[in-house]
Amino acid sequence: MPWTSRTVIEARQEFVTLASSPRANIRALCRKFNVSPKTAYKLLARVRTMGPAGYQDRSRRPRHNPSRTPAEIENEVFSVRASHPLWGGRRIAGELRRRGRAKIPAPSTITTMLSRRGALSPADAMGAITSIPADPAGELPACCKVRMPPAVGASDLRIVIEHLLRARVLNRRRAMVLLTHWLGVRQSMLCGLIGLSPITWRRCLRVYAEGGVDSLFARRRSPTRKFDSEELRNALFDTLHRPPSEFGINRTTWKVADLGRVLAQRGQAASEETVRKIIKSSGYKWRKARIVLTSNDPEFAQKVDRIKSILSNLAPDEAFFSIDEFGPFAVKHQPGRSLTAPGERPLVQQWQKSRGTVTLTAAIELSSNQVTHFYSEKKNTAEMIRMMKVLLDKYRDRSCIYLSWDAASWHVSKELNQTVEHHNSRIVGPTVVIAPLPARAQFLNVIESVFSGMARAIIHNSNYQSPDEAKAAIDRYFEERNEHFRANPRRAGNKIWGKERVPAEFSQSNNCKDPRLG
């Protein structure tokens, strides 16, 4: 017959069955089962009183243990552990010592307490986490909720679970790090399970400690990205604005490779991809930027240096004006962003009958940020002469006024130059000095930035019924803007004129003209 084996419980059950027969000899059964009569009678008495539970071994733990740690200290140990799920016996003992506790258990005793409560076994926590995706409610099991530190709010826990169930792997890993940290799972176990480096584990916890759950799952932006550098951006546009011939390149337009090489020579190395990103962030595509943002004036550097010299040495009784025209633009229903109810789609007819046109001529005084404007029928020399006379009358207390504009034909006409010479020959009022911008350099004209802010504020998404209504809105815009900068000489706040592309100051790296306006 085959060999048979039985457990201690089975042997006890067989012994009791044989001993329960009427003619059983207990002493003979004891010799057969190799147990003492005392043990046999104790087993029979226990089965009669306890039933099937009497077959099991009873605990040999003493009823009383005088050296056991008091319950008060145990509760404090588990309180520290709940606040710091990854702390072991030594760190918990040190924390109790810092709190001034007189009787502190040994670190080994604290470790035994934690093991007795199951706090050192991460299997339950990992099992609960792996079961979350199968749970449609997306909630932790009750046993894990009990182990959560009290400082963890319900909203934070909900956000972490939501990211744990999403398809984006990066967010799932971050959620796993935070959740296992709360549940007291060791770093080594989690990193080995999901292939995570300890550096990434520590970085996730550091970001959470500094900014909370929202900061942990926010899109990261490297603080050292080159295309975010303001210094590189200024150097790039300063170079792009100049004609390539200034740098020994026999071309009339720039290539990205040439631009990158010149930037490296100027100490601002940048890849072609970085150059394209910076230009795109300014609202331009490279195909357009290489044409509209590059001047072909051979005297570009001399003219820019002259304007910078004038502005750096501008006396208190002198004024510098940036002048240009805006328009003509048609008065009709203009497209633009608008606040609409859900489901509504604003419509602007492609073909509309114009209600009239408006052409604006304006000048901004750079030191005071004040705009002077009027409306014109045409863009010609007569309107420039009219602007000069308006400025001479308004700023009659100044000793000299500088007029800066682009190289449009009516800005450099003989009639205009003769008018300026005639005025200066008469010793009446301020002296007029013309400081022209380089040719094809509208991007340096500061008034263009003011125009872009005005257009975004009161022209885009407008539906004026007549030119007079549009002019009234423009007049009010400039009146409020001038009043604001009289009271606040420095740019401040999110006022409506905060929509201007660049500050109202001259810089050779400026892109004042809005690319959407031509």
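In which handedness of crossing does α9 pass α12? The crossing is left-handed. This and the other views below come from a predicted model.

**Overview. The protein chain contains 21 helices and five strands.** Of its 518 residues, 41% count as buried. Take the contacts between residues at least 6 apart in sequence: 65% of them join residues at least 24 apart.

**View 1. Helices α9 and α12 cross at roughly 30°.** Helix α9 spans residues 154-164, and helix α12 spans residues 198-217. Their axes come within 10 Å. The crossing angle makes α9 roughly parallel to α12, since angles under 35 degrees count as such. From α9, the contact takes D156, I159, V160 and H163. From α12, it takes V213, D214 and F217. By class, the contact of α9 with α12 holds four nonpolar residues, one polar residue and two charged ones.

**View 2. Helices α14 and α15 cross at roughly 100°.** Helix α14 covers residues 256-265 and helix α15 covers residues 272-281. The two axes come within 9 Å. The pair is therefore roughly perpendicular, as the range for that class is 65 to 115 degrees. On the α14 side are V256, A257, L259 and L263. They meet E272, V275 and R276 of α15. Five nonpolar and two charged residues make up the contact of α14 with α15, with no polar residue.

**View 3. Helix α13 packs on α15 at an angle of about 90°.** Helix α13 runs over residues 230-241. The axes of α13 and α15 are 11 Å apart. These two helices are therefore roughly perpendicular to each other. L232, R233, L236, F237 and L240 belong to α13. Their partners in α15 are T274, V275, I278 and I279. The contact of α13 with α15 divides into seven nonpolar residues, one polar and one charged.

**View 4. Helix α4 has 13 residues, 71-83.** At 1.5 Å a residue, α4 should span 18 Å. The C-alpha atoms at its ends are 19 Å apart, which agrees. The buried residues of α4 are I73, E74, E76, V77, F78, V80 and R81.

**View 5. A cis peptide bond joins G327 and P328.** Omega at this bond is about 5°. P328 sits in strand β1, which covers residues 318-330.

**View 6. N34 has a positive phi, near 60°, and is not a glycine.** This asparagine lies in the loop between α2 (26-33) and α3 (37-50). N34 counts as exposed because its relative accessibility is 71%, and the cut-off is over 50%.

**View 7. N461 also has a positive phi, of about 65°, without being a glycine.** Its loop lies between α20 (446-459) and α21 (467-487). N461 has a relative accessible area of 32%, so it is partly exposed.

Conventions. Residues are numbered from 1 along each chain as its sequence is written. This is a predicted model: local features need pLDDT of at least 70, side-chain atom pairs count only at pLDDT 80 or more; totals for chains, interfaces and linings use all residues. Side-chain values use heavy atoms; hydrogens and water are left out. Helices (H or I, at least four residues) and strands (E, at least two) are DSSP runs, numbered from the N terminus. The expected span of a helix is 1.5 Å times one less than its number of residues. Buried means under 20% relative accessible area, exposed over 50%, partly exposed in between (1.4 Å probe, protein chains only). Axes are lines fitted to C-alpha atoms, for helices over the stretch in contact, and angles run from 0 to 180 degrees between N-to-C directions. Angles under 35 degrees count as roughly parallel, over 145 as roughly antiparallel, 65 to 115 as roughly perpendicular and the rest as oblique. A crossing is left-handed if the near helix is turned anticlockwise from the far one by less than a right angle, and right-handed if clockwise. Contact means heavy atoms within 4.5 Å. Ala, Val, Leu, Ile, Met, Phe, Trp, Tyr, Cys and Pro count as nonpolar, Asp, Glu, Lys and Arg as charged, and the others, Gly among them, as polar.
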